[in-house]
Amino acid sequence: MCGRYVMAKATADLVASFRTDETVGDDVPPSWNVAPTDGVRIVTERLNHDGELSRRLATAKWGLVPVWAKDPKSGAKLINARMETVTEKPSFRKAAVKRRALVPAAGYYEWEKKDDGGKIPTYLFSESEPLIAFAGLYEWWPDPALPEDHPEKWLMSCTIITTAAADALGHIHDRTPLIVPRDLQEDWLNPQLTDKAEVQGLLDAIPEPHLIPRRVSSKVNSVRNNGPDLIEEDPDAG
């Protein structure tokens with residue numbers, strides 16, 4: 001799964017890296033310990049009124065809230081979606097064909113289980129890409145308690161798609177975020193791709209990432225801790 005990650009780049013860096021046309025939503029401060037229900041930056045694409053594609057940098061709550069949910073609390077349970085079933089599960093299937101996103105990150109954390117039952121926090125990142133992009137989905141949830149013209153009527157939320165970990169990383173955790181390489185990001189965001197079989201084919205075409213694991217301090221275990229020291233190697237870990 002993916003339950004914590006790092007996103008410490010400024011908005012201007014994200015705009016340049018993902019070539020977005022506009023930025024919407026509240027700004028998000030740098031974080032070395034992004035946690036579920038936090039506000040996070042995502043990249044989306046839509047057709048504007050004249051039929052041209054427009055790419056957005058938006059802010060969403062991490063934890064997808066389906067449009068039919070009774071309240072937004074359900075999003076805390078939907079921070080991840082499994083690649084193998086994302087086009088079939090009721091919570092995700094509509095978003096999989098209509099509302100796909102990229103979730104920028106510098107890297108993410110996993111906890112490797114030890115024989116004695118303990119866990120070793122590990123930071124995984126790319127040596128060649130300062131920014132990676134998780135495959136994500138987003139949804140809009142209407143708050144029934146607010147009037148139609150209220151500025152907070154619609155909540156934007158997102159989830160990160162996960163897949164089986166490659167053999168090289170499987171000993172750390174059996175699941176890993178699905179990372180979309182640069183040459184497939186345009187296809188993933190394309191709002192004109194709405195056929196379920198073609199979406200599944202694109203998911204299947206995403207290659208295994210080449211990531212570097214780094215054992216880090218147990219300070220990352222607490223969401224109250226935040227700062228660049230969290231991704232530094234801890235020689236005493238494990």
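## Largest pocket

The lining of the largest pocket is made up of 12 nonpolar, 3 polar and 7 charged residues. Here Ala, Val, Leu, Ile, Met, Phe, Trp, Tyr, Cys and Pro count as nonpolar, Asp, Glu, Lys and Arg as charged, and the others, Gly among them, as polar. The model is predicted: local features need pLDDT of at least 70 and side-chain atom pairs count only at pLDDT 80 or more, while totals for chains, interfaces and linings use all residues. Residues are numbered from 1 along each chain as its sequence is written, and side-chain values use heavy atoms, leaving out hydrogens and water.

The largest pocket holds about 460 Å³ of space. Among its 22 lining residues, Asp-26, Thr-59, Trp-154, Leu-155 and Met-156 are the closest to the centre. A pocket is an open set of points on a 1 Å grid over the protein atoms alone, where a 1.4 Å probe fits, with protein on both sides within 12 Å along at least five of seven lines; lining residues have an atom within 4 Å of a point. A volume is the space filled by probe spheres set on the points, which are joined across faces, edges and corners.

## Strand β5

With 5 residues, β5 gives the most to the lining of the largest pocket. Strands are DSSP runs (E, at least two residues), numbered from the N terminus. Ser-54 is found in β5. Ser-54 counts as buried because its relative accessibility is 10%, and buried means under 20% relative accessible area (1.4 Å probe, protein chains only).

## Second largest pocket

About 270 Å³ of space lies in the second largest pocket. Its lining has 17 residues, with Ser-126, Glu-129, Ile-132, Ile-179 and Pro-181 nearest its centre.

Key. Helices (H or I, at least four residues) and strands (E, at least two) are DSSP runs, numbered from the N terminus. Buried means under 20% relative accessible area, exposed over 50%, partly exposed in between (1.4 Å probe, protein chains only).
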